[in-house]
Amino acid sequence: LAILIQFGFVSFKCGKVPSTAEYSLNKEKVLLLLRYPRYLSLIEKKEGAEAKALIEELLKCGFDTASHLILRVSTRVKEGLVLPNGSVLALREKLFNLIHQQYIMRYPSPSKDDVNKVPVLTIHENELFFPPELNVQSLIKLDHGLESTADDIGVYWRINFDRFHQEMRDEIIVDAIKRRFDEHTAQLMDQLLELMYLRTDAWATQSNPVPFVELRDVINKKSINPYLSTYVDQYLKIIEESSGFISKFEGSSGQIEVNLSKAIYELTCTAIDNIVDQRFGLKAARIFRLVRAKKYMEQDQIQQLAM
């Protein structure tokens with residue numbers, strides 16, 4: 001039971017009797033086990049091999065202190081299992097970067113004033129991504145087997161799965177744009193999503209308006225693509241008219257909104273259409289798309305329009 005709680009597969013709360021805990025199974029967390037390889041592949045692609053090793057160790061133990069995490073990865077380095085050049089200092093900086101990027105978040109802990117037999121785990125929002133105090137010299141001593149004390153005793157960290165899912169969702173959207181149009185359009189969509197997160201919650205159905213001038217300036221400053229910088233207006237128009245993933249903000253032609261709910265809906269429909277096509281054939285897929293578009297149809301209408 002303790003191990004299941006440690007990995008987040010089981011949660012508990014105070015029951016009807018204050019001294020008794022009630023336990024519940026988190027089925028969604030159990031199903032996330034299937035995505036662990038995908039998480040590791042994604043973080044290695046974006047942040048490198050050191051980040052992958054840190055995330056892998058954290059996935060193995062559910063939650064742990066930052067110092068223990070760094071030391072375990074360092075031990076694997078010495079054994080030649082991962083990262084031939086991973087030092088304690090490099091791992092510390094990479095861990096701080098993962099916290100800053102919100103891939104890792106603080107684990108809630110019991111309140112010091114909590115006197116209940118069933119503890120209530122809490123964490124302040126401003127502490128979720130606040131990096132721990134880690135003395136490099138202490139870590140090096142511990143890494144070499146010398147006596148020392150870690151500075152972060154009792155401060156535990158866990159994986160922020162929502163952050164990984166956000167990255168996976170954005171990757172799907174950008175890849176869809178790339179397949180439908182070209183590399184330039186995909187780069188524009190990727191940059192637009194980055195600007196969106198500066199002013200909008202990651203899981204909002206529709207973004208707050210993003211100024212077109214800001215988007216163009218960022219593309220020019222980063223020198224992402226000279227061709228894209230020249231024709232950014234035209235590429236935005238193509239995305240808006242052909243996919244519906246973005247739209248101009250009402251009352252202003254100089255601001256852009258990202259319609260995430262529309263994007264996910266269209267991508268889901270495309271995936272379902274492909275499944276029907278592969279399983280039942282092209283004609284069945286054509287009928288399915290027609291019924292989905294019209295919602296309600298008579299059989300005679302289907303024969304007239306689909307055949």
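Glu214 and Arg199 pair through their side chains in a salt bridge, 2.7 Å from N to O (a salt bridge being a side-chain nitrogen of Lys or Arg within 4 Å of a carboxyl oxygen of Asp or Glu). Glu214 lies in helix H10 (residues 212-222) and Arg199 in the loop between helix H9 (183-196) and strand S8 (210-211), so the pair ties together parts that are 15 residues apart in sequence. Helices (H or I, at least four residues) and strands (E, at least two) are DSSP runs, numbered from the N terminus. Glu214 is partly exposed at 24% relative accessibility. Arg199 is also partly exposed, with a relative accessible area of 28%. Here buried means under 20% relative accessible area, exposed over 50%, and partly exposed in between (1.4 Å probe, protein chains only).

The model is predicted: local features need pLDDT of at least 70, side-chain atom pairs count only at pLDDT 80 or more, and totals for chains, interfaces and linings use all residues. Residues are numbered from 1 along each chain as its sequence is written, and side-chain values use heavy atoms, with hydrogens and water left out.

The whole structure holds 16 salt bridges. Lys178 and Glu183 form one of them, at 3.0 Å from N to O. Lys178 is partly exposed, at 41% relative accessible area. Glu183 is partly exposed too, at 36%. Glu57 bridges to Lys60, with the closest N and O atoms 3.9 Å apart. These two residues are 3 apart in helix H4 (residues 49-61), and therefore separated by about one helical turn. Glu57 is buried, at 7% relative accessible area, whereas Lys60 is partly exposed, at 48%. Both belong to a network of salt bridges that links Glu56, Glu57, Lys60, Asp64, Arg72 and Arg76.

Helix packing was examined for H13 and H14. Two packed helices are described by the angle between their axes and the distance between the axes. The axes of H13 (residues 260-280) and H14 (residues 282-294) come within 7 Å and cross at roughly 150 degrees. Axes are lines fitted to C-alpha atoms, for helices over the stretch in contact, and angles run from 0 to 180 degrees between N-to-C directions. On the H13 side, the contacts (heavy atoms within 4.5 Å) involve Cys269, Ile272, Asp273, Val276, Asp277 and Phe280. Their partners in H14 are Leu282, Ala284, Ala285, Phe288, Arg289 and Arg292.

Leu25 belongs to strand S2 (residues 21-25). Leu25 is exposed, with a relative accessible area of 56%.
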